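Me: Please take a close look at the side-chain contacts, both inside the chains and between them. Which rings and charges meet, and where do they lie?

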Amino acid sequence: MVSVETRAAIDAEIAKMPEKRGALLAALRLVQEEHGHLSLEAMEEVARIFELHPTEVLEVVSFYNHFRAQPRGRHEVNVCTSLTCSLRGGRGLLRQLQAYLGVHAGQTTSDGRISLGHEECLGACGNAPMLRIDDAYHLDLDWARAQQLLDGLE
Amino acid sequence: MGHRVPHVTHYLTEHFADDGYTTLSGFRARGGYETARRVLVEQSPDDVIGTLKRAGLKGRGGAGFDAGTKWSFMPRDGAGPSYLVCNADESEPGSFKDRVLMERGPHQLIEGILIPAFATGAATTFLYIRGEYAEPARILQRAIDDATAAGVLGSNVLGTGFAHQIVLVRGAGAYICGEETGLLESLEGKKGQPRRKPPFPAERGAFGRPTTVNNVETFCHVPHIFARGVDWFRSIGTEESPGTTLFGVSGHVERPGLYELPLGTRLDEIIFEHAGGVRAGRKLKAAIPGGVSMPVLPAGHLDVPMANEFLREHGSSLGTGGVIVMDETTCMVRVGCVISEFFRDESCGQCTQCREGTGWMHKLLLRIERGSGTEADLDVLEDVAGKMEGATICAFADAAAWPVQALLRHFRSEFQGHVHAQKCPLPESFEI
């Protein structure tokens, strides 16, 4: 399930920490990057690597926003809806995105292209409104620019 | 040494427009790492802590505790490892200063880490960065790798014989991991639920070892204090709160952005002179001085110097220095709705008052905003906030309660207007 390369990367993370478990978040991120999400089988395998009960891994996965137990779209589009972005139209932008893509926040388009969501404060308050596509920030947006970004996603 | 350095009052960001400053060679060409090398060669750990205490550097993560005093809490018996933790989990709505400090000055941060690492005898610094900050994490990892390859970090730091490594750790999306003990739990690969104190981290911190946790900006000030001297540092800012800080200005201003200014700069000066005033010539209604957890101040109370000793008199606090500005169109009940939604979503769920109270407050605020609230709801809201304050393991419940209490204190008539009109009386307000 976990590739040789990912396992080697997990071992490298474990080597950096005074206790093995300190590398658990990094390991979950690596496995998620490889498979797109964290299936029950993947969590069980991570549990074996870290010598933990699978429920201990599950409770960590469910605590953090960035871990996904279900498959998602090829791209994640997240609008910041904290107060600072809301004051400059962040929630309006999210509403337009929902209408354009035909999905609500938390859902994936039927072609599996985009999972839409919203996040609280992405730390770009001086450039509101903004959104995050996968790992990249896109700042000072208006609707035309946001639409252009969406259309450019494969 | 200090007298040969030019007197600048924007020292953190002085070179941020210069791309070369982000590279190891460019940083060294501007004198980078010379201060750390000189301190490690010429001073003892006690000297370093003494200098920091005299400088009076206050932590820039929100609590504003004296940094030198915090370092002095670390035990010095030398039995087993101790750690430094750099809190780069910036997640407070309104705050974006640490992201810019890491992106534009990664080596400034590393130099700022080396000096307290030496002073506290820490073998390793864990730099815990929020998961959303992929780009700053990439920039920092490259800077750490370059510094390690060049002997700035490693078994013989800058040729001084001191050994230190920095391990970058990425979070996974949880605001509470910015709370220092929540961060430590997360660092250990667990849910980021805050610990009861005592024991404090200096006694039992990361992996059960003595640990000091400081914010990114706090570290970044340190080399400048040692390069230019205590007198220079204390000549900037106020007597109780020396130095500059990065004010992140957002919301309804003409020029949102980051401004490095002395602590004690007046809030209205920041809004009107530096950030260009309120957008489109509208009137100012209110401002939050330091991120959403800090109590709001109405227009008319904004001639306050931005330092904790002055903000306290106005019932607020500096927090992270994230100034959020709201113009006359802003519905303050909606402000409460958005803020309480954030705290409801981000409560770690460990304490009942917080887990239940944040959601309860959000429901009440939403009901009032939608025009179906009653006068009694206002009293219940006040009561719930009051019962959350000071009743939980960490300060998250306080942070959720304070903004609601302040909104009711300063804008109660607007809340009552919603109840009596049975709708929002400010239709032009921002969308929620």
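Reply: Start with one term. A residue is buried if its relative accessible area is under 20%, exposed if that area is over 50%, and partly exposed in between. Keep in mind that the model is predicted.

Now the rings. Over all chains, 19 aromatic pairs are counted. Take Y175(B) and F396(B). Their ring centres are 5.8 Å apart, and their planes stand at 70 degrees. Planes over 60 degrees apart count as edge-to-face, so that is the label for this pair.

Go back to F342(B) and F343(B). These rings form a pair of their own, with centres 5.0 Å apart. Their planes are at 75 degrees, so this pair is also edge-to-face.

Rings can gather in groups. One aromatic cluster in chain B is made of F16(B), Y21(B), F27(B) and Y33(B).

Rings can also meet charges. R130(B) lies over the face of Y133(B), 5.2 Å from the ring centre.

Next, charge with charge. The count over all chains is 41 salt bridges. K20(A) and E51(A) form a salt bridge, and their closest N and O atoms are 2.9 Å apart. This pair links distant parts of the chain, 31 residues apart. K20(A) lies in the loop between α1 (4–16) and α2 of chain A. E51(A) lies in the loop between α3 (40–50) and α4. K20(A) is partly exposed, at 31%. E51(A) is exposed, at 64%.

Chain B has a salt bridge inside one helix. R142(B) and D146(B) both belong to α7 (residues 134–149). They are 4 residues apart, about one turn of the helix. Their closest N and O atoms are 3.7 Å apart. A salt bridge needs such atoms within 4 Å, so the pair counts. R142(B) is exposed at 53%, while D146(B) is partly exposed at 29%.

Some salt bridges join into a network. One in chain B links R60(B), K97(B), D98(B) and E217(B).

Now cross from chain to chain. How many residues does each chain bring to the contact? Chain A gives 39 residues and chain B gives 57. The size of an interface is often given as the accessible area lost when the parts come together. Here about 3,800 Å² is buried between chain A and chain B. Carbon and sulfur atoms give 59% of that area. On the chain A side, F63(A), L83(A) and L87(A) supply 18% of the area buried against chain B, more than any other three residues.

Polar groups meet there too. Between chain A and chain B, 16 residue pairs are in polar contact. Which elements of chain A give two or more residues to this side? They are α2 (24–35), α4 (54–63), α5 (83–87), α6 (90–101) and β2 (114–119). The largest share, 4 residues, comes from α5(A).

Finally, the charges at the interface. There are 3 salt bridges between chain A and chain B. One of them pairs E59(A) with K191(B), at 3.7 Å from N to O. R95(A) also meets E431(B) in a salt bridge, with the closest N and O atoms 2.3 Å apart. R95(A) is in helix α6 of chain A and E431(B) is in the segment after α16 of chain B, so this pair joins two chains. R95(A) is partly exposed, at 46% relative accessibility. E431(B) is partly exposed too, at 31%.

Conventions:
Residues numbered from 1 in each chain as written. Chains lettered and ligands numbered in written order. Predicted model: local features only at pLDDT ≥ 70, side-chain atom pairs only at ≥ 80, totals over all residues. Heavy atoms only, no water. Phe/Tyr/Trp six-rings, centres within 6.5 Å; stacked < 30°, edge-to-face > 60°. Lys NZ or Arg CZ within 6 Å of the ring centre and 35° of its normal. Contact = heavy atoms within 4.5 Å. Buried area = accessible area lost by both parts, 1.4 Å probe. Salt bridge = Lys/Arg side-chain N within 4 Å of Asp/Glu carboxyl O. Polar contact = N/O pair within 3.5 Å; in protein donor to acceptor, adjacent residues only side chain to side chain. Buried < 20%, exposed > 50% of the residue type's maximum accessible area, 1.4 Å probe, protein only.
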